Amino acid sequence: MTRWGILATGDIAATFVEDLRLLPDAEVVAVGSRTPETARIFADRHGVPRAYGSWQEFAADDDIDVVYVATPHAAHFDATMTCLSAGRAVLCEKPITLDRASSQQLVDTARTSNVFLMEAMWMRCNPVVLRILELIADGAIGEVTGVQADFGVGGPFPPEHRMRARALGGGALLDLGVYPISLAHLLLGLPDQVRAWAKISPEGVDENTGIVFGYDSGAVATLGCGMIGATPVTASITGRTGRIELAPPFYRPTRVTLHRAGVAPELLPIDLTGSGYQHEAAEVQRCLRAGLLESPLVPHAVTLEVMGLLDDIRQQIGVHYL
């Protein structure tokens with residue numbers, strides 16, 4: 001049995017706890033927050049035995065095998081470092097930090113301490129996405145020549161909302177853009193050229209962002225994210241001999257269609273049990289049982305490469321967090 005601790009008490013933490021119930025070898029033993037009141041409310045609501053009103057007390061609980069860090073992403077570094085320093089394995093929500101340099105610090109700490117660390121890019125653990133990778137590797141659509149993906153939400157977000165707060169890593173890029181960027185990286189790897197443009201809000205965060213990745217192979221990824229209009233949140237993967245279309249939301253697709261020349265479109269089977277977080281939790285547990293310090297599905301190198309792309313894009317569009 002893997003004993004989970006949950007650090008934070010928001011909606012995503014609640015959803016993660018519910019999905020953990022789908023795994024027979026997982027149990028939630030503790031929750032941590034900045035205040036005893038919020039921790040206790042969450043614990044009572046979700047049947048968690050222990051509640052802590054400080055991160056340090058929470059991380060000191062030797063009954064916790066692994067921590068799921070679900071704080072707002074501006075707090076990911078401090079929360080994860082607190083847990084790693086206490087010897088706790090960590091699954092940290094994406095993006096793992098606000099920049100590559102601080103992400104590297106976490107990776108270095110985890111490796112030096114021999115403690116497991118994984119970014120919670122759940123798309124990379126989704127069985128349907130993994131099946132898509134198998135199909136591409138088997139030549140189902142030929143060499144991949146293009147990826148298109150978008151993630152935009154309608155808002156509107158008031159000026160005081162975290163999505164508009166520069167100090168909290170606000171804007172569309174880190175919250176939403178990390179998904180299409182990660183999909184392109186998953187399919188095509190690190191691009192040889194990166195170009196980006198954005199409309200910047202009065203608070204100094206990106207409201208609407210367009211990104212193009214160019215590859216020496218000739219492949220191109222056209223990506224977008226925004227918080228001023230709801231986009232389809234779909235993705236298309238084009239190869240020389242076919243195409244794969246991912247219905248919304250593409251990062252946890254509800255329908256996947258394989259198009260091949262001369263063949264009727266084929267729908268891939270999809271199991272939509274739970275909200276989709278159970279797959280990354282199962283991967284963490286598999287890695288812990290195997291004594292691994294990182295997941296082959298979401299390795300440290302990939303996390304750092306994607307964070308580097310986010311840094312590059314932010315520099316091009318002129319967004320700097322405080």
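# Reading a predicted model: domains, helices and backbone features

Reader: Which feature does UniProt list at residues 130-245, and which at residues 3-118?

Author: UniProt positions are given in the numbering used here, feature names are shortened, and annotations may be inferred rather than shown by experiment. For residues 130-245, an unreviewed UniProt entry lists "domain: GFO/IDH/MocA-like oxidoreductase". At residues 3-118, the unreviewed entry places "domain: Gfo/Idh/MocA-like oxidoreductase N-terminal". The chain over residues 3-118 is 43% helix and 22% strand, with its end C-alpha atoms 16 Å apart.

Reader: At what angle do helices α7 and α9 pack?

Author: Axes are lines fitted to C-alpha atoms, for helices over the stretch in contact, and angles run from 0 to 180 degrees between N-to-C directions. Helix α7 (residues 172-188) and helix α9 (residues 300-317) pack at about 120°, and their axes are 10 Å apart. Angles under 35 degrees count as roughly parallel, over 145 as roughly antiparallel, 65 to 115 as roughly perpendicular and the rest as oblique. The helices α7 and α9 are therefore oblique to each other.

Reader: Which residues make the contact between α7 and α9?

Author: Contact means heavy atoms within 4.5 Å. From α7 the contributors are L173, L174, V178, I181, S182 and H185, and from α9 they are V302, E305, V306, L309, L310, I313 and R314. These residues divide into nine nonpolar, two polar and two charged. Here Ala, Val, Leu, Ile, Met, Phe, Trp, Tyr, Cys and Pro count as nonpolar, Asp, Glu, Lys and Arg as charged, and the others, Gly among them, as polar.

Reader: How many residues of helix α4 are buried?

Author: Buried means under 20% relative accessible area, exposed over 50%, and partly exposed in between (1.4 Å probe, protein chains only). Helix α4 (residues 76-85) is mostly covered, with seven of its ten residues buried. The buried residues of α4 are H76, A79, T80, M81, T82, C83 and L84. Their cover includes β1, α3 (55-59), β4 (66-69), β5 (89-93), α5 (100-113) and β6 (117-120). After α4 comes G87, with a positive phi near 85°.

Reader: Where is A8 found, and where does V233 lie?

Author: A8 is in the loop between β1 (2-7) and α1 (11-20). Its phi is near 120°, a positive value in a residue other than glycine, and A8 is buried, with a relative accessible area of 12%. V233 lies in the loop between β10 (220-226) and β11 (235-239). Although V233 is not a glycine, its phi is positive, about 60°. V233 is buried at a relative accessible area of 11%.

Reader: Is the peptide bond from G155 to P156 cis or trans?

Author: The bond from G155 to P156 is cis, with omega near -5°, and P156 is in the loop between β7 (144-152) and α7. The bond from P248 to P249 is also cis, with omega near -15°. P249 has its place in the loop between β12 (242-246) and β13.

How values were computed: Residues numbered from 1 in each chain as written. Predicted model: local features only at pLDDT ≥ 70, side-chain atom pairs only at ≥ 80, totals over all residues. Heavy atoms only, no water. Helix = DSSP H or I, 4+ residues; strand = E, 2+ residues; numbered from the N terminus.
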